[in-house]
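Subject: Structure handover and what was found in it

Dear colleague,

I am passing on the structure below, together with an account of what was found in it. Please look through the model before reading on, and keep it open while you do.

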Amino acid sequence: MLNAVSDSLLSLFYPQNCHICKNSVENRANGVACEACWKNTHIFSDKDVICGKCCAFLPESKHTTEAYCRQCDEHVYDSVRAVGVYELALAASIVHLKTTPFAVEKLRFLLNKAFLASPFLNTDLIVPVPLSSKRLLERGFNQAGLIAGSLSKYTGIALDEYSLVRTIHTPMHRAAMDKKAREMTVKNAFEVKRPKLMAGRNILLIDDILTSGSTASHCAKALKKSGASKVNVLTLARAA
Ligand SMILES: [Zn+2]
Ligand SMILES: [Zn+2]
């Protein structure tokens, strides 16, 4: 009740239009997208066929629930799960998350739910994909650290935001690079400052979006070099 009142009061002062369809957002918890746009966003369920390793969405697969895309065979992480496909409400929320250091209730709820449905319940350490110190200074916060912190709070699993670091600064325009150029910018970009803290641990790496998977793979490589026994990945969105 109070929430509904404060929502309508808030919309008087801060009318929020859906970043996708421009209709007004009915519920503050939904962030930058309206109810209808959230409904149209593909959130993964156990009925979807995904690559059992990298979580690529395989709508054409003849398998029932799990298959392997084979593009990720050389990736070093063990397994990836994602909240949903990088589109509509999920995409708009992730873009917004890079400018606002606050994860709305809907994102936190979906991430917690994806974790509970994942095979990663025996995680003993949560580690966000780091930004370079230059990027962290520009942005002021790490959006992956933000959602990792929220999941750590929800699950009670320890969070380590400081041991895995990105030593090489990559330019902003990664989207414009081809696969090979992107691969070059993340190769050897990650380092573990306190390897003792990683040794023997079952690590869950958190990122906002997974595209080629090569960033996650290079993080996993650094973590495993430090003795991590497993590195799984949980991300908000899986891009094609
Ligand atoms: Zn909308
Ligand atoms: Zn795959």
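A helix here is a DSSP run of H or I that is at least four residues long, and helices are numbered from the N terminus. In that sense H96 lies in helix α3, a residue and a helix to which I return below. Please bear in mind throughout that this is a predicted model.

Overall picture

The secondary structure of the protein comes to eight helices and eight strands. Its radius of gyration is 18 Å, close to the 18 Å that the globule rule gives for 240 residues, so the protein is as compact as a globular protein of that length. The C-alpha trace spans about 55 × 45 × 40 Å along the principal axes, and buried residues make up 38% of the 240 residues. If one takes the contacts between residues at least 6 apart in sequence, 72% of them join residues at least 24 apart.

The domain assignment gives domain 1 (1-40) and domain 2 (71-238). Where the two meet, 10 residues of domain 1 are in contact with nine residues of domain 2, and the residues on the side of domain 1 that touches domain 2 divide into six nonpolar, four polar and no charged.

The largest nonpolar core has 62 residues, and those with the most contacts inside it are I147, L205, I206, L223 and L236. Both domain 1 (1-40) and domain 2 (71-238) give residues to this core, so it lies between them. As for L236, its contacts, leaving aside neighbours within four places in sequence, include A82, V83, L90, I94, L107, L111 and I147, as well as D208 and I209.

Helix α3

Helix α3 covers residues 88-97 and is mostly covered itself, with seven of its 10 residues buried; these are L88, A89, L90, A91, S93, I94 and L97. What covers the buried residues of α3 includes the helices α2 (35-40), α4 (105-117) and α6 (143-155), and also β3 (79-85), β7 (202-210) and β8 (230-238).

Leaving aside neighbours within four places in sequence, H96 is in contact with G31 and V32. The C-alpha atoms of H96 and G31 are separated by 8.9 Å, although the two residues are 65 residues apart along the chain.

Strand β7 and its partners

Strand β7 is mostly covered, since eight of its nine residues are buried. Strand β4 (residues 125-128) pairs with β7 in the parallel sense over four bridges, and in this pairing V127 stands opposite L205 in β7. Eight bridges join β7 to β8, which run parallel, and here D207 stands opposite T235 in β8.

In a regular strand the side chains alternate between the two faces of the sheet. In β4, L125 and V127 point one way while I126 and P128 point the other way, and all are buried.

With best wishes

Definitions and conventions. Residues numbered from 1 in each chain as written. Chains lettered and ligands numbered in written order. Predicted model: local features only at pLDDT ≥ 70, side-chain atom pairs only at ≥ 80, totals over all residues. Helix = DSSP H or I, 4+ residues; strand = E, 2+ residues; numbered from the N terminus. Rg over C-alpha atoms; globule rule 2.2 N^0.38 Å. Buried ≥ 20, exposed ≤ 12 C-beta atoms within 10 Å, placed from the backbone. Contact = placed C-beta atoms within 7 Å. Domains from an automatic or database assignment. Nonpolar A, V, L, I, M, F, W, Y, C, P; charged D, E, K, R; others polar. Core = buried A, V, L, I, M, F, W, Y, C linked by C-beta atoms within 7 Å. Pairing = 2+ DSSP bridges.
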